[in-house]
Amino acid sequence: MTRTFQKLKLIAADFLAALLAWMCFFLLRKYLLSEINEGYRFTGGELFTLTGSALMIALFWAVLYTLIGEYRDIFRKSRLAEIIRLARISVLGALVIFFALLLDDQGVSSYRLYYKTITAYFLLHFFITAVLRTWAITTVQHLVRRGVISFNTLLVGSNILARETYHELARTGKHLGLQLVGFTPVGDTVDPQLAAELPARGSYTRLPALIRALKIEQVIIAIEPSEHRMIQEILALLEGTPARVSILPDLYQMLLGSVKVNHLFGTPLIEIKHDLLPPWQEFTKRGLDIVGSLLFLLLAWPVYAFTAVMVRLSSPGPIFYAQERIGINAQPFRIYKFRSMYVDAEKQGPALSSDHDPRITPWGRFMRKVRLDELPQFWNVVKGDMSLVGPRPERRFYIDQIVKVAPHYRHLHRVRPGITSLGQVKYGYAETVDQMVERLKFDILYIENMSLAMDFRVMLYTLKIIVEGRGK
């Protein structure tokens, strides 16, 4: 309840700041446009307009802050970093309001007044919001340092490095509200001093169950360089859990520039990305998925009709083919395709296709080259099972084989699978499990660099492959 109240307080502070800034700007603008003379009084209509416009402007700022992600993880914010970030966002928001509401104002007679207008509004909004937001964040920080708000933290590791990390976190962790509740041993050696000071909570192989039972919100991995081969396994176990994950770096990782210190007195950590996209990009990506897929389904119906007729004429059997695949959060769904193989093509069990696969019909071979067989998946995108761009979904049969070799495959389940993917355009179709593992690096590269710009580039590459007929 305390956390919810503090988040609402920050939202309320931003909303009030936006209201006050717009009202002050309204009065100041009257002066800038030389509209206030001695004895000037507001009319009832102007006051009503001011109130209504102020509420709408404040709502705009609240939505903008939400889309940019200002209300994510408010309990670990730095006041200085927030002020710098606020300055950038204020420039963006002020420009939007200027071009949307003020650019064609008939009261403005010169460009100099335009410059005064936008500068005045930016400064008013920035300074009023900075004061109220600094107050809100300061009160939150006091609650965190006093332990009123804290985050159950689990240490993964059991050697000397883990013990030193525990001592460092015990000294500086209060700044971030970290409440260490125990450690999980890794390997056969457990530092006796660590065991005496912090309770052991069981093997690291039980991490998902421990996170649920102890309500863990932060996991810190502190293992020796010789144990780094286990990091993949540990991260695979943590995949899908709600806990934030950080790794204690070694000197080599520091030299590579991978280590960021968000707080001056904090422990240097490599933060495993929890939120892959800022909220506005998540919202935009999903919106583009829905709008783009619906438009394609509407405009490309002749292609669908022609392809359906050709599938029917090419071989006996249904036009469409449905198969269970594994999607976001490892949830199964039914993927749809135009049938490109003969009926009962997999009566001997699941098998991957190859260049000269006899199970594929002649028309099916052409469809695969130009990706026509994938067209029904635009309906999967509308339903929310898939995205236009994302790692290709696989069957459970193959996933079980892949994770034996590459446990980090589960990383792909953090996002919606896609009709096309970076792995598909850079590597192509995989004919064996080994090739699936090889292609995996491109899909992980996509996830770690997810953005709307990356999606656009992948779609352009896909169009190039379709035009060149290099599908399989």
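The model is a predicted one, in which local features need pLDDT of at least 70 and side-chain atom pairs count only at pLDDT 80 or more, while totals for chains, interfaces and linings use all residues. Residues are numbered from 1 along each chain as its sequence is written, and side-chain values use heavy atoms, with hydrogens and water left out.

According to UniProt, in an unreviewed entry, the feature "transmembrane region" is placed at residues 12-28, 48-68, 80-101, 113-136 and 290-311; such annotations may be inferred rather than shown by experiment, their feature names are shortened, and their positions are given in the numbering used here. Residues 12-28 are 100% helix and 0% strand, with end C-alpha atoms 24 Å apart, and residues 80-101 are likewise 100% helix and 0% strand, with end C-alpha atoms 31 Å apart. Helices (H or I, at least four residues) and strands (E, at least two) are DSSP runs, numbered from the N terminus.

In helix 12, which spans residues 362-370, Trp-363, Gly-364, Met-367 and Arg-368 are buried, where buried means under 20% relative accessible area, exposed over 50%, and partly exposed in between (1.4 Å probe, protein chains only). These residues are on the same side of helix 12, because they cover an arc of only 140° around the axis, the arc being that of the directions from the helix axis to the C-beta atoms. Their cover includes helix 11 (301-314) and strand 7 (332-338). After helix 12 comes Arg-371, whose phi is positive, near 65°.

Most residues other than glycine have a negative phi. Lys-215, in the loop between helix 7 (207-214) and strand 3 (218-221), has a phi near 55° and is exposed, with a relative accessible area of 63%. Ala-330, in the loop between strand 6 (320-326) and strand 7, has a phi near 60° and is partly exposed, at a relative accessible area of 29%.

A further loop, between helix 8 (231-238) and strand 4 (244-247), holds Glu-239, which is partly exposed with a relative accessible area of 24%. Leaving aside residues up to four places away in sequence, Glu-239 touches Arg-410, His-411 and Arg-414, contact meaning heavy atoms within 4.5 Å. Glu-239 and Tyr-409 are 170 residues apart in sequence, yet their C-alpha atoms are 9.9 Å apart in space.
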